[in-house]
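Open the model in your viewer and keep the selection panel at hand. The tour goes from the whole chain to a single residue.

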Amino acid sequence: MSHEAPRHFHDELAQVKSRLLTMSGDAEQALDLAVEALLERDTDKATAVIRGDKQIDALEMQIDEQVVNLLALQQPMARDLRMLTTALQIANDLERVGDHAVNIAQSAERLSESRPITPEPEIIEMARLAREMLSDALEAFVRGDASAAREVCRRDDKVDA
């Protein structure tokens, strides 16, 4: 095997991580905007979330395609194999975050005619914690930091409560 093949493979791995970070940023932004749309009863923000979901879906498809190609053509082992299979799961979960943001935005549209209410502080805190956890979880994955990932899992109990 030439030196070019491993370098190409590692470039592709880096591109998968980069796409995951982009997708995570898009999902976080959609979640932020959806919560704002709900709290403010802002249909323009809700519409932006719903339209933006196509980008999140497209990124998931790109990541899936790239990972499947790497698995089929490069036959990675051990650490790289785990990273790629985990990337597939993360992309799927980020796509679901985008779908949940759309659901919140659709609720905001339905409620737009209703009188705004003061949200419970717990809802605002839960949204903040969820966004933080999303960002920190992906950062831990990209850095390969298991202790940071475990810390994110521990914080999940706060959101559940």
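In which helix is confidence lowest, and in which is it highest? Colour by pLDDT, the predictor's confidence in each residue, from 0 to 100. Confidence is lowest in helix α4 (residues 121–143), at a mean of 85, and highest in helix α2 (residues 43–74), at 96. Over the protein the mean pLDDT is 89, with 95% of residues at 70 or more.

This is a predicted model, in which local features need pLDDT of at least 70 and side-chain atom pairs count only at pLDDT 80 or more, while totals for chains, interfaces and linings use all residues. Residues are numbered from 1 along each chain as its sequence is written, and side-chain values use heavy atoms, with hydrogens and water left out.

Next, show the cartoon. There are five helices and zero strands (DSSP runs numbered from the N terminus: helices are H or I, at least four residues; strands are E, at least two). Along the principal axes, the C-alpha atoms fill a box of roughly 65 × 30 × 15 Å.

Now select Ser 112, in the loop between α3 (78–111) and α4. Is Ser 112 buried or exposed? Ser 112 counts as buried because its relative accessibility is 19% (buried is under 20% relative accessible area, exposed over 50%, partly exposed in between, with a 1.4 Å probe and protein chains only).

Show the side chain of Ser 112: it reaches the backbone oxygen of Glu 109 at 2.8 Å.

Technical notes:
Polar contact = N/O pair within 3.5 Å; in protein donor to acceptor, adjacent residues only side chain to side chain.
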